[in-house]
Amino acid sequence: MGWLTLLVFSPIVGIVLLLLVPSTQAKLQKRIAVICSILPLIMSIIVYQQFHSGADLSIRVPWISFGQYPFSFFVEYELGVSGFSLVLLLLTAVLMIVSMVTATMQIKKGWKQYALLTLLLEIGILGVFASQNLILFFIFFELTLVPMFLLIGKWGGMEKERAAYSYLLYNGIGSAILLIVIIVLFANVGSTNYEAIANASLSTELSMGLLISLLIAFGVKLPIVPLHTWMVRVHVQAPPALVMIHAGVLLKIGAYGLMQFGIGFFPASFQDIAPVVAILGLVNLLYGACIAFVQKELRSLFAYSSISHMGIVLLGIAAMNEAGLQGAMFQTISHGLIAALVFFLIGVVKEKTETTYITRLGGLSRTMPLTAGVLLAVGLASLGLPGMSGFVSEFMTFLGIFESMPVIAAIGTIGIILTAAYILRAVMDITFGKEVLAQQGIADLQGKEWIPVSIMLGLILLIGVFPTSLTHSIQTSVEAIVLRIGG
Amino acid sequence: MTVHAFLLLAAALFALGLFGALTKRNTVIVLICIELMLNAVNLNLVAFSKFGVNPAITGQIFSLFSITVAAAEAAVGLAILIALYRNKATVQVEDMNEMKG
Amino acid sequence: MTQIAWIIPFFPLMTFLLCFIFQKREWHHLCSRVGIMTTGLALIGSITVLIGQMIFGNSEAVISWLSIGDTVFSIGYIVNPLNALMLVIVSLVSFLVHIYSKGYMAGEERLGTFYAYLGFFTFAMLALVLSPNLLQLYMFWELVGLGSFLLIGFYFHKAEARAAAKKAFLMTRVGDVGLLIGMILVFWQVGSLEFSAIFQAVSGGDMDSGMVTLVALLIFIGAVGKSGQFPLHSWLPDAMEGPTPVSALIHAATMVAAGVYLVATLFPLFEASDTAMLVVAITGAFTAIFAACIAIVQTDIKRVLAYSTVSQLGYMMLALGSAGYVAGVFHLTTHAFFKALLFLAAGSVIHAAHTQLIGEMGGLWKRMKGTGWLFLIGTLAIAGMPLFSGFFSKEEVLLAVWKEEHYVLFTLGLITAFLTAFYMFRLFFLVFMSKKIIPYKRRKKIFESPRVMILPMVVLALLAVGAGYIHTGWFGPFLGEWLASGNEYITLHPHEGAGWLMAVTTLLTFLGIWMAYLMYQKEKLDRNYLSEAFPGVYEAVLNGFFVDVLYQRTVVFATKCLGIVGTWVERYVIQGILHFIEDITILVTKLASKLQNGQVQTYGAMVGVGLVVLLLIGLMQGRFF
Amino acid sequence: MDMETLLAYDWGIMAPEFTIVIIATLLSLLDLFLPHSFHRKWLSVFAGVGILVAFVFTLSQLGQEADMILYDTYRLDLFATSFKLLLLIGAGLVLGLSASYHRKREQGEFYYLLLTALLGAMMMASSADLITLFVGLELLSISSYILAGIDKQSLKSNESAMKYVINGGMATAITLFGFSYLYGLTGSTQLTTISEILPSLIRTPAQGLLIMAFIMTFVGLAFKISTVPFHMWTPDVYEGAPIPVTAFLSVVSKAAGFIILLRVFLTLFGTLEGLRLNETFMQSMALWIGVLAALTMILGNILALRQHNMKRLFAYSSVAHAGYLLVPVVALSTLTLENIWFYLLVYMFMTVGGLAIIYVLYEKHGTLDLEMFSGLYKRSPALAILMTIFILSLAGIPGTAGFIGKLNIILGALSTDPAPIVLVSIMIAATVLSYVFYFGILVQIYFRSNPFQVTIKVPIVMKTTLWICAIAIIGLGILPNLALDFYHHYVDLINVTEMLWMRG
């Protein structure tokens with residue numbers, strides 16, 4: 001079976017156990033869900049160990065065959081990891097624990113179903129990062145669709161159903177395009193194995209067409225302006241515990257896909273459209289920042305902030321050199337942690353003060369000093385303060401993009417200032433602003449709430465101070481991609 | 001006499017039948033028009049079996065089948081019409097509008 | 001001995017961690033002690049390193065921090081005369097400020113937090129100074145900015161403090177972006193960010209001259225932001241919203257000097273480009289006189305000092321831009337001491353008078369003699385009174401400018417020297433001398449500050465007087481020789497004291513003092529004459545030439561507009577397109593379902609139409625018509 | 001034809017058909033002579049046994065060589081066998097669906113009419129002659145007309161049957177007209193013979209008639225599989241007919257339509273030269289068939305968007321699925337037969353499953369409105385999850401067989417050259433569009449509160465049917481090779497070249 005299979009399907013343990021527990025025993029359910037969400041982390045740590053000790057983790061089992069000889073098409077069940085996907089697996093496992101802990105505090109009704117769906121979602125996400133076969137990738141990719149739809153639609157805010165539909169349709173279209181790309185590749189190459197496709201020779205026009213389609217498909221997920229409106233809606237409407245996963249890892253599938261498939265499969269064509277990607281990244285970066293600057297509501301502000309940060313990922317990818325790619329990967333992970341922490345805090349604040357409007361949250365540092373402090377810290381991480389993960393990624397990304405496209409890079413640096421502007425504006429107005437929060441006796445961060453905070457903040461600092469902890473794993477991926485680019 | 005004349009006649013008959021089936025208000029007449037269309041087919045078959053490229057009995061046998069089936073169809077159609085009439089007391093086609101949209 | 005340098009920053013970091021964890025009220029007395037102790041240790045360490053450098057020379061050590069492909073970015077430390085000196089200045093001022101704060105901040109509710117922030121800042125500043133490469137420097141450059149931000153906004157319940165903190169962070173960040181770009185460009189030119197590698201590349205001619213100029217200018221933007229040079233200066237006066245010890249430490253002695261330090265550190269790079277040097281000099285000179293002008297009319301004691309700081313930093317830039325490496329560093333050193341002294345003394349005044357407005361002070365000399373004397377020493381030092389440290393360093397700066405034959409800039413420098421003496425003594429007279437302004441009742445409550453505050457000032461006062469003698473034409477240019485000894489890329493210009501220059505500056509200083517005396521003490525001259533004659537100009541100067549308003553109206557406004565336009569686009573264009581698609585779908589649905597009218601003959605007709613259309617198509621395909 | 005010739009035939013070939021005939025006859029007699037007190041639901045057991053026996057017979061024929069009897073009008077080959085299996089499975093599922101609720105005594109008719117209709121479909125699968133084919137088609141059609149109107153007291157049922165008869169009659173006439181031209185052009189009704197003569201007609205004046213014949217035949221069959229614009233009867237007939245009949249129409253009748261379409265077109269026109277050089281006849285026609293397929297997918301899904309009546313919604317959904325199934329016909333790849341076979345198989349399970357749940361809820365609440373699903377998860381989690389599985393499969397979400405089916409179709413289409421990329425894109429876009437109404441059902445199930453506070457009891461036969469469908473969908477979704485291997489193993493002689501058996 002292999003460790004990877006065990007890892008990907010380890011959430012099933014939780015699902016089964018939860019199903020066995022009668023729905024009356026809420027406390028037991030919560031305990032089981034949290035404990036079971038640790039299982040994937042253990043598995044992924046084992047996988048991490050194995051990977052770095054040089055063990056061959058990949059599995060390949062025949063699975064589906066279409067057509068008969070000599071016109072047959074085979075799909076294998078193939079799992080494997082690269083350095084980057086390994087880190088993403090770890091990130092998923094960590095964020096899932098954190099999100100589950102958060103959910104135990106913030107999800108009130110229908111807890112069991114929530115946990116079941118989240119665990120199902122986790123299988124999808126883990127599978128996406130672990131698969132080495134496009135069909136398998138797609139199946140896992142789509143597997144996230146239904147749980148997300150139900151989670152948003154059932155546990156979301158006022159406009160939850162609209163948000164759920166927006167999610168469904170945008171992602172549906174995105175994955176539809178992806179599916180076409182996959183099957184065109186399948187039909188042309190005869191296999192959907194990553195390596196086989198990467199080594200296949202396709203005509204220039206075909207690979208350009210496929211690449212552009214891929215860009216759109218993953219552009220929805222990432223998201224790339226103007227395909228982003230769904231994501232803002234989801235960020236605002238979905239329960240914060242879910243947004244932690246959504247912003248933390250689900251959106252990262254877009255970045256992963258662009259790097260793994262976009263550059264991995266079509267390096268030459270990507271070289272040709274790299275300027276376009278860079279401009280898209282620039283637009284994302286600046287547009288997101290500008291809009292974030294005038295938002296009045298925390299969740300939409302950080303939604304636009306995510307868009308802006310994904311712009312940096314795009315810039316890194318467009319750089320097509322070691323520094324840029326490594327920066328993009330770093331940013332992917334760093335933003336995953338930061339966004340998750342931000343939305344955890346928003347969840348806490350929303351839970352306790354029942355509002356997320358910046359103007360109504362003034363003076364938070366009086367009522368909830370610790371929350372305010374952590375919010376400030378994560379805000380600083382988000383604006384790329386050295387010592388935190390955001391800086392390393394921004395630095396490397398700009399290092400990369402300056403080499404290949406200095407002008408775009410120079411314009412992009414405006415984003416750094418804008419980011420600081422909107423983050424400070426929001427954080428300062430909230431934590432230090434005019435004291436609007438009249439309610440006394442609002443509890444600050446306490447007890448269990450420190451678990452998510454300390455895990456995520458710890459990781460953000462760890463990556464910021466010792467970036468080698470990540471480069472260690474990521475570099476193999478970067479090198480593999482750079483090798484394909486031929487640089 | 002070439003086969004063309006028969007073909008034209010059959011085509012005309014078919015068109016007439018179709019036109020009738022689409023325009024007549026009375027369901028019975030509509031069913032009869034459908035019979036007309038089927039008979040156009042029979043005419044074709046018989047004509048081909050006599051004047052066709054490869055004259056053979058097959059066409060006539062085919063037309064026998066066709067006639068039989070047409071009869072069955074008409075019988076079933078009329079039976080259903082009677083059931084409908086029992087419930088709604090109408091044989092007008094345009095009154096069958098319970099379901100739409 | 002120099003090998004211990006890397007430990008030094010970790011002492012204050014310990015303050016940060018300890019005070020952050022034990023920030024509850026009952027631990028406050030420990031916080032200040034821990035803070036003082038660790039900075040004391042840092043000071044001892046710094047002095048050791050300084051001595052060590054003098055004896056054993058430079059040393060450097062790095063460890064790998066981040067690798068991209070085959071490129072390795074490292075962190076570590078370097079010890080050379082310049083940063084050994086900076087190390088001592090920073091840890092000394094920090095140490096004194098820590099002590100001073102114990103008195104000044106007594107009774108503060110969030111004392112633990114305050115010391116934690118101070119510790120954090122000191123840590124970042126020391127690490128910045130020790131940086132052996134641009135990346136590390138940049139990282140701590142940002143972190144000192146954070147420390148400054150946190151401390152400016154320490155009284156966050158005041159809206160002005162919040163705004164000032166935000167402004168400080170953002171405006172310096174504008175500069176930082178320049179530095180970042182410059183740094184990255186350097187990397188792609190040189191392949192490394194180590195200072196030594198950069199200098200080698202520059203001196204070896206590996207970078208073409210245009211690139212050198214570009215890089216130098218970009219890096220200079222960073223320095224402009226941090227050191228409050230025009231046009232990114234306006235955050236510094238606002239930063240006075242922070243507690244006064246903070247102003248002394250960060251916004252007078254250390255962080256704002258980091259820009260100057262940066263230019264000095266990268267001096268070989270700047271020197272390789274005449275354009276860059278000229279820009280640095282012009283910016284410095286302009287800032288110097290520009291800020292001095294504004295300082296004259298300010299009514300807030302700390303703002304006067306703040307503009308004075310800006311002006312003095314301009315002086316240092318002028319020196320560096322005129323190839324006066326030693327002069328710049330020298331002025332940096334002396335300025336650190338006397339400006340810290342002035343701020344601490346001002347803090348002492350504020351502590352006693354409970355106001356920052358000069359208009360509400362006056363005649364404090366009697367009540368606070370100690371502070372008065374100390375403030376006077378500082379004022380004399382900054383004004384360039386002979387025998388005080390400011391005199392020597394200022395003379396050195398002007399000499400350097402003269403030698404570079406920047407006569408216009410030289411003139412500006414002279415005028416600034418005069419203005420400095422004038423506005424500083426204006427301040428002194430208004431605060432300590434003039435008698436009538438403070439109401440008697442309030443004056444009674446004013447007492448001299450406690451000894452814990454006075455003591456650090458005394459130390460600084462001694463240095464404000466004595467620091468000038470390390471580099472004089474009379475006893476020998478020790479500082480210059482030493483600085484040059486540790487840096488192979490610096491060529492020391494022979495120090496030739498120009499007697500006439502000394503005379504001119506002395507004259508100007510006295511002129512300034514005299515005019516201030518006439519205007520504000522004796523009131524022989526109408527102090528309001530000019531402001532009444534040119535109200536518009538006065539208004540402009542008072543508001544710092546409306547630089548802030550300009551920014552508010554352009555940059556901030558534009559960003560907001562873009563944001564609003566973006567939101568609008570979002571709401572009406574993107575959503576509009578989506579609604580359009582939705583509407584079309586609904587329309588099609590409606591039409592199609594209208595066709596589905598329940599009439600069986602309609603259905604049949606559709607079959608018929610379909611048949612006919614298909615037949616037409618088919619026959620057309622077969623070319624039958 | 002004397003006795004000897006008759007006896008010489010290998011009648012074993014027709015064993016499944018005979019089984020069905022015998023059971024149908026038996027049932028009609030039983031229904032006629034049994035007393036009224038005898039509950040007719042026991043007839044369903046007979047019917048079930050009959051279908052099972054026929055299924056076993058069909059299975060046993062799998063390994064056999066292709067053979068023809070009755071003067072080459074009746075052919076048993078792997079194509080026929082494989083699709084007959086589908087028809088029997090479909091009929092079995094429909095029977096499971098219908099055997100659960102009995103309110104009317106006269107339902108005995110239902111069972112033997114179901115069997116005769118099935119017989120017609122099976123004959124179509126095996127026919128090698130236009131006449132046999134026509135007779136099979138009409139046996140299916142006429143039985144279906146009566147089935148649609150079997151609820152005599154219901155006006156809607158009457159109306160549905162009447163509409164079906166009128167439109168069906170027209171379609172039959174059109175098909176027959178096409179057949180008559182085919183006969184006229186070749187002088188034979190035997191498919192083999194026709195296919196041998198047709199090449200000589202290409203690029204002669206007779207070509208016009210040939211095209212007309214092709215189109216008219218296509219239109220008649222398109223009516224059966226409800227392709228736009230010949231689909232308009234579908235929603236009305238589906239709505240009026242009792243739910244088991246709806247299931248039968250959308251599953252067995254549609255499958256039969258596809259079978260005959262493949263049989264006739266692939267045999268006659270599969271390798272026929274096209275109107276222009278270097279293309280086959282089917283390729284010449286592919287453009288407009290492709291347009292029809294695209295229209296079918298788009299309109300089917302768009303019209304389903306505003307439906308609140310679940311039966312109509314399923315009717316439009318079945319229209320859309322007909323569009324998906326036309327894609328392989330347009331593309332004509334080596335995978336075409338496998339595509340259609342597998343997709344029909346999957347489609348049977350998911351449609352019958354979905355309609356079964358609708359049936360259960362309809363029996364409970366007496367409404368067909370979408371709201372019947374509201375709060376279903378609270379009332380009956382099991383039904384809710386089953387419905388979710390069917391819905392997801394219909395929507396083509398991975399993990400279900402519906403996805404594999406679509407994947408297979410798209411793969412087949414794109415493996416040709418030039419690949420019909422536009423058609424495939426439309427297919428996928430239409431699928432995404434269909435998410436809207438499929439997930440609308442999920443919204444009702446999970447998000448809405450329920451006006452009906454009753455617990456739902458599901459009859460045991462229904463329950464079994466539901467679980468079979470669900471397990472098949474998930475099983476085939478995760479391990480599609482359970483079915484595909486079976487197909488490859490027994491039917492692997494069929495591909496487009498092999499399918500033109502009659503020519504060589």
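Helices and strands in these views are DSSP runs, a helix having at least four residues and a strand at least two, numbered from the N terminus. Please keep in mind as you browse that the model is predicted.

**Figure 1. A UniProt-listed span of chain C.** For residues 65–115 of chain C, an unreviewed UniProt entry gives "domain: NADH-Ubiquinone oxidoreductase (complex I) chain 5 N-terminal". This span is 57% helix and 25% strand. Its end C-alpha atoms are 29 Å apart.

**Figure 2. The hairpin of β1 and β2 in chain C.** Strand β1 (residues 59–68) of chain C runs antiparallel to strand β2 (residues 71–79) of chain C, and 9 bridges join the two. You can pick out one of the partners by eye: Ile63(C) is bridged to Ile75(C) in β2(C). The hairpin has 2 residues between its strands, and Gly69(C) has a positive phi near 60°.

**Figure 3. Helix α4 beside helix α14 in chain D.** Here we look at helix α4 (residues 78–98) of chain D and helix α14 (residues 336–365) of chain D, whose axes come within 10 Å and cross at roughly 5°. Because angles under 35 degrees count as roughly parallel, α4(D) is roughly parallel to α14(D). The residues that meet include Phe83(D), Leu86(D) and Leu93(D) from α4(D), with Trp341(D), Met348(D) and Tyr359(D) among those from α14(D). By class, this contact between α4(D) and α14(D) has 14 nonpolar residues, 2 polar residues and no charged ones.

**Figure 4. Where chain D touches chain B.** The contact involves 33 residues of chain D and 36 residues of chain B. On the chain D side, the elements giving two or more residues are α6 (130–148), α7 (155–186) and α10 (233–240). Of these, α7(D) provides the largest share, 18 residues. Sorted by class, the side of chain D that touches chain B holds 16 nonpolar, 10 polar and 7 charged residues.

**Figure 5. Where chain B touches chain C.** In this view, 10 residues of chain B are in contact with 10 residues of chain C. The chain B side is made up of 6 nonpolar, 2 polar and 2 charged residues.

Figure 6. UniProt, in an unreviewed entry, lists residues 29–49 and 61–85 of chain B as "transmembrane region". Residues 29–49 of chain B are 100% helix, with the end C-alpha atoms 30 Å apart. Residues 61–85 of chain B are also 100% helix, and here the end C-alpha atoms are 36 Å apart.

Figure 7. In chain A, the peptide bond from Val225(A) to Pro226(A) is cis, with omega near 5°; Pro226(A) sits in the loop between α10 (204–221) and α11 (229–237) of chain A. In chain D, Val228(D) and Pro229(D) are joined by a cis peptide bond with omega about 0°, and Pro229(D) belongs to the loop between α9 (207–224) and α10 of chain D. Back in chain A, Met320(A), a residue other than glycine, has a positive phi near 55°. Met320(A) is found in the loop between α15 (298–319) and α16 (322–353) of chain A.

Methods:
Residues numbered from 1 in each chain as written. Chains lettered and ligands numbered in written order. Predicted model: local features only at pLDDT ≥ 70, side-chain atom pairs only at ≥ 80, totals over all residues. Pairing = 2+ DSSP bridges. Contact = placed C-beta atoms within 7 Å. Nonpolar A, V, L, I, M, F, W, Y, C, P; charged D, E, K, R; others polar. UniProt positions renumbered as here; feature names shortened; annotations may be inferred. Axes fitted to C-alpha atoms, helices over the stretch in contact; angles between N-to-C directions. Parallel < 35°, antiparallel > 145°, perpendicular 65-115°, else oblique.
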